[in-house]
Amino acid sequence: MRLRQGQFSFLPDLTDDDIRVQAQYAIDNGWAVSVEFTDDPHPRNTYWEMWGHPMFDNPDAAAVVYEVNECRKAHGGKYIRVMAFDASHGWESIRMSFIVNRPKEEPGFRLVRQESAGRLVRYTVESYATRDPEGARYA
Amino acid sequence: MTDEPTALEEKASPSLPQSVDLAAAFEESGVRDVLKELDDTMIGLAPVKQRIRETAALLLVDQARRQLGLATETPTLHMSFTGNPGTGKTTVALKMADLLHRLGYVRKGHLVTVTRDDLVGQYIGHTAPKTKEVLKKAMGGVLFIDEAYYLYRPENERDYGQEAIEILLQVMENNRDDLVVILAGYADRMDRFFESNPGFRSRIAHHIEFPDYTNEELLKIAEIMLSEQNYAFDPAARVAMAEYIASRRGQQHFANARSIRNALDRARLRQANRLFNEAAGPLDAAALSAIAETDIRASRVFRGGLDTDRKPAREAAE
């Protein structure tokens, strides 16, 4: 099951050139671009591991593509996303976020039903991948 | 004339133009402005200007060839600027960044100036992130490494400079589209640096040598520097400055235009002092902006140069 999170997730995978153009857009708007990775794709897992610092002072997006490729070398089998943080007053939040790398096999999520008091059923989702310990997921 | 030939041509290569107007490309790219600015603002440096004009022509032709589909590779643009201190290497690098930007070889055209300290770390594991940080900052522009030979210290085999060199070489090769590296330094030491790092020599296509300025050129530079700050020599001061340049050249630590700038700074200091001590009554703009002969003649250079510093304190205090 293909993970649909963030922007462009219903499009085919972005090429390096696509990434560069999108990151350049963020840089031109004055947003700090950063690269993050994770092997826990749960939709509520918002804090991924940071790959280096956010790039505050790079005027050109080639640096972002360079870092994405460096991250792919180390964590090629995991999810990698590029984010753009807008520090301006009133926003102070993520303005862009898109996945640039995903594992070969994405096993998807299972629905977990929990029986509760008085025939109540609680539902949650769990990634099949996270049943393996951290570091051992996605081969 | 019928439409037929054009129709055929269009069929042959729908996306590529059939001819390129170099003169129009020259006008459009704004290269002429950069070259003109170079000619107007930089005194002397005839061989440097010639080389830059040649490089611009090469890049323009290369761009035209790419439009026609004849060339696809990005040419190697890394350069080395060699010359004595104060011969305008940094200033020309700034112009070069502008030129490459206008020709479309770098996307942003900013210049990042670094020395060994910015690239090489203090402890194990510090160098690689530091160098990469600088390289990332320079992407889309030009990285200017001043006194590049300090990166390589053969006397210390555990020096971290070697690590910076390796990363630099790798990025210079793999990210040729993203940044242009200019190495700068004194000619003889750069030669030795290239000899011990053959990887650099082969990755650098353009070696540009900066000659020393002649005395007349330095005098012209001095006048331009002064007029930029709304000062001017009076005729006697101009003669004194010419003599100053001639004798300064023979003395230690001569750094071409930089020495001239420092001399002018000191002359302005003396002029301010003189006006403060001598002036009685109101001063007009002409008086405030005139550098007089005494302001120049008071320099140590006329009394045997910087070595007078080393003499006993009683003499130096005079």
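Guide: Keep in mind that this is a predicted model. Start with one residue, A:E106, which sits in the loop between β4 (93-101) and β5 (109-115) of chain A.

Visitor: Is A:E106 buried or exposed?

Guide: The cut-off for buried is under 20% relative accessible area. A:E106 has 13%, so A:E106 is buried.

Visitor: Which side chains make polar contacts with the side chain of A:E106?

Guide: One is the side chain of A:Y79, at 2.6 Å. Another is the side chain of A:R102, at 3.0 Å. Now set aside neighbours within four places in sequence: A:E106 is then in contact with A:M1, A:R2, A:L3 and A:Y79.

Visitor: Now salt bridges. What is the general idea?

Guide: Side chains of opposite charge can pair when their charged atoms come close. Over all chains, a search of the whole structure finds 32 salt bridges. Take A:D16 and A:R72: their side chains meet in one, 3.0 Å from N to O. That pair links distant parts of the chain, with A:D16 in helix α1 (residues 16-28) and A:R72 in helix α2 (residues 62-75) of chain A, 56 residues apart. A:D16 counts as partly exposed, at 31% relative accessibility.

Visitor: Which residue forms a salt bridge with B:R203?

Guide: B:E173 does, and the closest N and O atoms are 3.0 Å apart. This pair, too, links distant parts of its chain: B:R203 is in helix α10 (residues 198-203) and B:E173 in helix α8 of chain B, 30 residues apart. B:R203 is partly exposed, with a relative accessible area of 24%. B:E173 is partly exposed as well, at 34%.

Visitor: How many residues apart are B:E293 and B:R297 in helix α15?

Guide: They are four residues apart in helix α15 (residues 293-297) of chain B, so about one helical turn separates them. B:E293 forms a salt bridge with B:R297, with 3.1 Å between the closest N and O atoms. B:E293 has a relative accessible area of 31%, which means partly exposed. B:R297 is partly exposed too, also with 31%. Salt bridges can also share partners: A:R2, A:D13, A:R102 and A:E106 are joined into one network that way.

Visitor: Next, the two chains. How many residues does each bring to the contact?

Guide: Chain B gives 11 residues and chain A gives 13 residues. Between them the chains bury about 1,100 Å², 52% of it on carbon and sulfur atoms. On the chain B side, B:R107, B:K108 and B:K136 lose the most area to chain A, together 45% of what that side buries.

Visitor: How many salt bridges cross the interface of chain B and chain A?

Guide: The rule finds five. In one of them, A:E67 and B:K136 meet through their side chains at 2.9 Å, N to O. Helix α7 (residues 127-138) of chain B supplies the largest share of the side that touches chain A, three residues. By type, that side of chain B has two nonpolar, three polar and six charged residues.

Visitor: One last residue, please. Is B:A97 buried or exposed?

Guide: B:A97 lies in helix α5 (residues 89-102) of chain B. Its relative accessibility is 1%, so B:A97 counts as buried. Not counting residues up to four places away in sequence, B:A97 touches B:V106, B:G109, B:H110 and B:V142.

Technical notes. Residues numbered from 1 in each chain as written. Chains lettered and ligands numbered in written order. Predicted model: local features only at pLDDT ≥ 70, side-chain atom pairs only at ≥ 80, totals over all residues. Heavy atoms only, no water. Contact = heavy atoms within 4.5 Å. Buried area = accessible area lost by both parts, 1.4 Å probe. Salt bridge = Lys/Arg side-chain N within 4 Å of Asp/Glu carboxyl O. Helix = DSSP H or I, 4+ residues; strand = E, 2+ residues; numbered from the N terminus. Nonpolar A, V, L, I, M, F, W, Y, C, P; charged D, E, K, R; others polar. Buried < 20%, exposed > 50% of the residue type's maximum accessible area, 1.4 Å probe, protein only. Polar contact = N/O pair within 3.5 Å; in protein donor to acceptor, adjacent residues only side chain to side chain.
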